[in-house]
Amino acid sequence: MKDHLAGTHKDAVPCLTVPAEVKDEIKQYLKAFQNFKFAAQRNFEENVESGAYYTGSSASVSNRGVRGPMDRHVHVVSGGSQPPETMPPVSAKEHCNQVCLDIGRFFYENGIPFHAATSPSFTSMLRSVGNFGRGLKPPTMHELRTWILKEEVKTTTEMVNDIKATWKTTGVSLLSDGWSDMRNRSLINFLVNNQYGTVFLKTVDASNCVKDAEKILELLDGVIEEIGEDIVIQVVTNNASNYKKAGEMLMKKRKKLYWTPCAAHCIDLMLEKIGELPQHKNALLKAKKKLAISFIIIIGC
């Protein structure tokens with residue numbers, strides 16, 4: 001639809017009746033979207049590069065027989081003086097597919113969510129394995145839970161400390177995220193955010209005070225005191241009446257900060273109200289029934 005209105009000739013016939021101002025606006029939107037995609041890809045590549053532990057040199061890589069751009073076209077014979085055989089592109093494609101199948105099986109057998117493949121650390125891991133070349137001995141279960149874990153904790157702690165060092169300069173937002181665990185306990189996650197990143201602070205069991213605005217005020221006030229009143233600029237909570245009242249009392253007590261309701265929670269409440277309207281309620285009920293039937297059919301198969 002956007003390409004149709006903008007007249008880009010990409011996958012759609014240009015619209016002949018679209019007003020000029022609408023056409024220009026859609027073109028600007030598409031250009032901004034492309035710039036956003038490029039920026040996101042650059043950010044992903046930077047995260048991959050900065051998150052890699054192993055950055056071996058080309059010499060050490062070639063000594064291990066790593067497959068490079070030219071290696072895909074030849075077949076290396078170990079221990080012999082025979083000339084290399086050319087590997088047709090079809091074989092290279094088949095080998096690539098076999099590697100992807102092995103990766104896929106690892107995901108399936110261990111119940112790993114598919115979106116884990118979009119993580120920069122996943123790409124960084126595969127690049128490190130490829131750069132090391134043949135002969136890599138995978139870490140054992142014991143190594144993963146001992147020295148490797150300790151090193152990652154050390155790295156993460158350094159990253160968190162780097163972000164914390166910017167708090168006094170930029171100021172921070174205190175975020176509270178309430179949720180219930182499997183034992184129906186009301187827990188609140190406290191996170192601290194600025195433009196350099198979000199840091200998890202702690203989790204508090206608020207089962208005995210989550211419905212009391214005064215208790216929530218004491219809880220928020222204690223966390224602000226822990227961080228530093230001069231650093232906290234705003235406090236973000238959900239829009240429930242008890243949190244709203246606690247936020248108003250907090251602003252009266254601490255004049256330098258603002259309480260802000262969570263935008264996502266506000267939108268969620270709006271959508272719930274919209275879904276309760278008669279013209280939408282029936283459509284949602286039908287969709288739920290069809291989804292349930294489809295799920296039963298899939299399970300039965």
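**Aromatic pairs, strands and core**

F107 and F122 are both buried, where buried means under 20% relative accessible area, exposed over 50%, and partly exposed in between (1.4 Å probe, protein chains only). The model is a predicted one, in which local features need pLDDT of at least 70, side-chain atom pairs count only at pLDDT 80 or more, and totals for chains, interfaces and linings use all residues. Residues are numbered from 1 along each chain as its sequence is written, and side-chain values use heavy atoms, with hydrogens and water left out.

The structure holds three aromatic pairs; rings of Phe, Tyr and Trp (its six-membered ring) pair if their centres lie within 6.5 Å, and planes under 30 degrees apart count as stacked, over 60 as edge-to-face and the rest as tilted. One of them is the edge-to-face pair of F106 and F107, at 6.3 Å centre to centre with 85° between the planes. F106 is partly exposed because its relative accessible area is 49%, whereas F107, at 9%, counts as buried. F107 also forms an edge-to-face pair with F122, at 5.5 Å centre to centre and 85° between the planes. This pair links distant parts of the chain, with F107 in helix 4 (residues 89-109) and F122 in helix 5 (residues 120-132), 15 residues apart. Helices (H or I, at least four residues) and strands (E, at least two) are DSSP runs, numbered from the N terminus.

Turning to the strands, strand 3 (residues 172-180) runs antiparallel to strand 4, joined by eight bridges; two strands pair if DSSP finds at least two bridges between them. Five residues separate these strands in a hairpin, and N184 in the turn has a positive phi of about 60°. Strand 4 also pairs with strand 5 (residues 197-205) in the antiparallel sense, over eight bridges, and a hairpin of two residues joins them. N193 is the bridge partner of S173 and also of T198 in strand 5. Strand 4 (residues 186-194) is largely enclosed by the rest of the structure, because seven of its nine residues are buried.

The largest nonpolar core has 26 residues, and W167, L174, F190, I227, V232 and V235 have the most contacts inside it. Such a core is a set of buried Ala, Val, Leu, Ile, Met, Phe, Trp, Tyr and Cys residues joined through side-chain atoms within 4.5 Å. Helix 9 gives the most to this core, with seven residues.
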